[in-house]
Amino acid sequence: MKYVKVIVCVVVLCLFVLFEASCSERSDSLVVMFWNVENFFDYIDDGKGESDREFSSTGERHWTKKRFYAKCDAVAKTVLWMGDRYGRLPDVIGLAEVENRGVLAWLLSSTLLRKYDYAIVHRESGDRRGIDVALLYRKSVMDTVSTSFRVPYIDGTPMETRDMLHAGMKLKGGRDLDFIVNHHPSKFGGEEESRSRRYAAMGALKDLCDSLSGKDVIAMGDFNDTPDAVQFHMLDGILVNKSDQFHRNGEGTIRYEGKWELIDMFLTTPSLSLKSRMEIVRVPFLMTFEKKHPGEKPLRTYIGPRYAGGVSDHCPIVLIVDFD
């Protein structure tokens, strides 16, 4: 009986490995995930600014090694949960509000994600808060052909904001795809006062897409505005916003004062739009019940100055692409 159990365990393990390999090598479909992971800082004060100091072991947030590790584990658990939901791990993961490459390296080497073949695309940006966008991708699914980073300009001056990440990828089946990760300027200082900054960011996205004319493009990100904002018209005829219907239905990725707001989106070239669908994902262990309003909202890492143990105030979004 002992040997039978051993054989059964080996067979189950082999089947899992074969299933995972078959999922990784599929070239007829793709699962793309985007998530603003809200202040994903390490716990070390590198002397790089106020936010870096605030989110450190000695800072006012008391962002300790234990709390940082807990957030890494929760992010990894979410990615694995996505794998269970969609039958395969996300092939591509766009992230916003990541402090540095070291955070990503720890996430991929010291959590359950170390068993998988994710690689990193990232560059330190000139953002005032020290946060960047990043891209993770599975090396068994695609290879990097090219990477570039763009900064929006206002009146000829580069903005002190997050870079726009562009990665040209080639799937193992030979198909080329271009991914663009965005985190447009916030409404800090007021919606009217900050609008020009979001216009500049959208203009930079349009220019980049113009340079990729004829290619299949998937743009993703936190646009800090809803799909009905006027600057999205700059992309008319270039990209299709996959979030429009969700917005019209009152659905969203963040929740404030009991109301959902949709600011995290996927936009694709028209040809890819016909082959793809977007989902807003409510991950059960990332949600909490509101006290003042009926319903759930994402559980943040901090609520005001108090540590709450969550991950982000944003829900992740997913784009499923079926090529055939």
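## A buried phenylalanine in a predicted model

In this predicted model, Phe68 is buried, with a relative accessible area of 3%. Phe40 is likewise buried, and its relative accessible area is 0%.

## The aromatic pairs around these residues

A search of the whole structure finds 11 aromatic pairs. In one of them, the ring centres of Phe40 and Phe68 are 6.1 Å apart and the planes stand at 45°, so the pair is tilted. Because Phe40 belongs to strand 1 (residues 29-40) and Phe68 to helix 3 (residues 65-86), this pair ties together parts that are 28 residues apart in sequence.

Tyr43 and Tyr69 form an edge-to-face pair, with 6.2 Å from centre to centre and 85° between the planes. Tyr43 lies in the loop between strand 1 and helix 2 (50-54), whereas Tyr69 lies in helix 3, so the pair ties together parts that are 26 residues apart in sequence. Tyr69 is partly exposed, with a relative accessible area of 25%. Ring pairs link Phe40, Tyr43, Phe68, Tyr69 and Trp106 into a cluster.

## The chain as a whole

The chain contains seven helices and 20 strands. Its radius of gyration is 20 Å, close to the 20 Å that the globule rule gives for 324 residues, so the chain is as compact as a globular protein of that length. Along the principal axes, the C-alpha atoms fill a box of roughly 75 × 50 × 40 Å.

Of the 324 residues, 51% count as buried, and among contacts between residues at least 6 apart in sequence, 69% join residues at least 24 apart.

## Surface and charge

The accessible surface of the chain is about 15,500 Å², and 54% of this belongs to carbon and sulfur atoms. The chain carries 44 positive and 47 negative charges, whose mean positions are 6 Å apart.

How values were computed. Residues are numbered from 1 along each chain as its sequence is written. This is a predicted model: local features need pLDDT of at least 70, side-chain atom pairs count only at pLDDT 80 or more; totals for chains, interfaces and linings use all residues. Side-chain values use heavy atoms; hydrogens and water are left out. Helices (H or I, at least four residues) and strands (E, at least two) are DSSP runs, numbered from the N terminus. The radius of gyration is taken over C-alpha atoms; the globule rule is 2.2 Å times the number of residues to the power 0.38. Buried means under 20% relative accessible area, exposed over 50%, partly exposed in between (1.4 Å probe, protein chains only). Contact means heavy atoms within 4.5 Å. Accessible areas come from the Shrake-Rupley method with a 1.4 Å probe; for residues, only the protein chains shown count as cover. Lys and Arg count as positive and Asp and Glu as negative; His and the chain ends are not counted. The place of a charge is taken as NZ of Lys, CZ of Arg, CG of Asp or CD of Glu. Rings of Phe, Tyr and Trp (its six-membered ring) pair if their centres lie within 6.5 Å; planes under 30 degrees apart count as stacked, over 60 as edge-to-face and the rest as tilted.
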